[in-house]
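Hi,

Here is the structure I said I would pass on. Have a look, and then read my notes below.

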Amino acid sequence: MANIRPLKAWRYNPQLSEKIDELTSPLFDVVSEEQRQALYDNPLNSIHLSVPLGSRSVTQTLSDWKTKGIIVQDSLPAIYVYYQHFTLPGSKRSHIRKGFICNLTASNWDEKEILRHENTMPHSVNDRLKVLEDTKLNVSATHGLYFDNKFELETYMDESMLNPLYETEDYQGVKDVLAVIHDHEIIKKFIQLIEKQNIILADGHHRYESSMIHREREMKSNPNHTGEEAYNFHMMYLTNAEADDLRILPTQRIISNLKGFNQEEFLNRLEEYFILKPIHNPNDLNEIILGKKWAFGLLIGDVATKVRLKPEAHELLDWDFPDEIKELDLTVMHYFIIEKGLGIPGKEHRNAREITFERNFSNCLSKTKNGEAQIAIITQEIEMEEVKRVCYSGFTLPQKSTSFYPKAICGYLFSSIRQDEFELPVDLSF
């Protein structure tokens, strides 16, 4: 079962923290080029640790920040409570996603302490691994889900929020609030509740896997490995899957630079499996496919088409998956549209450079209209119950299948896996 620990976080010094909103940044895999350039203009923004730029060594940047006191380490181990206040488009309802940031053992997938639902892309894992090994720092927390239908921890988290450390509005329009819990007895309650269960990894598969690989390397080179060394741990933001403020948004597929692509031939191939319906207004695609099983939108140039799998065609899906995986919209999309329609074999989807990802529908439409993309495949939200079924089945979804909203931000705190910076006071008996 999952093993968590408090951490002694590195944070921006008190003077800089007064302008913490200028120092935070989006996660590396959601930041746009335009956002990156603006953030890089601030030499102290956290993006210089999370997505290092150019020839300057991230190791040197981190060393300078520590030496100059730009970031300082908290003296006491803590659980850091993190709340995100948000609304969704088209709704006036206010949501609060409540959670906490801690260290957690980066156990191997086979140990089943952490359950994944997505595949990863090797080049992205390697990129994250390099940053981790260069800095020995967890720069941004991944997002995991625990289960607490009695909401036992919420009272302690709410109480900590009476004295927040930070309160900012981020790039998503979300109000982020960070607080801290130092009390030993309360922290033990967090540890004891989490150690009874598995954690579902919601967001950050590449970052988590980089910690896992780093841990395995260190374990092999340490004959006296105990499991309590700094290299074992990974920083994670844990939220309660039983809460009703958990939102998963769809991630669309963008197809570009596909050699020999012919629009007419592609649509003709799809007609064997799908019912195709032209849509006059491309902006209506999201609503038109909403709630319909195995229904997708296609954007090619400025032409929009709704495609819905013929029920009898589903029997042709011959990937070696259990029924609960074959039933998923995302499996149908990857098999019938990407493999059968576009001719990209399923085993190549994970590394296919022709396939990229976009969360914003307007960006999809813009990219196909201006010729930057050949096709945008529009899909629907996946439900939490579907994610659970996938995790417990032992199989995974295609990469970038879910987008838990809102995203955690980077820059509030960092967690070191350097042994001399990691060790907790021995008298706390965690």
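Where is N257 found? N257 sits in the loop between β14 (252-255) and α9 (263-270); helices (H or I, at least four residues) and strands (E, at least two) are DSSP runs numbered from the N terminus. Its phi is near 60°, a positive value in a residue other than glycine. N257 is also exposed, with a relative accessible area of 67% (exposed is over 50%, buried under 20%, partly exposed in between, with a 1.4 Å probe and protein chains only).

Before going on: this is a predicted model, where local features need pLDDT of at least 70 and side-chain atom pairs count only at pLDDT 80 or more, while totals for chains, interfaces and linings use all residues. Residues are numbered from 1 along each chain as its sequence is written, and side-chain values use heavy atoms, leaving out hydrogens and water.

K112 has a positive phi too, about 60°, and is not a glycine. You'll find K112 in the loop between β5 (95-105) and β6 (114-115). Then there's a cis peptide bond from Y405 to P406, with omega near 0°. P406 lies in the loop between β20 (403-405) and β21 (415-416).

Cheers
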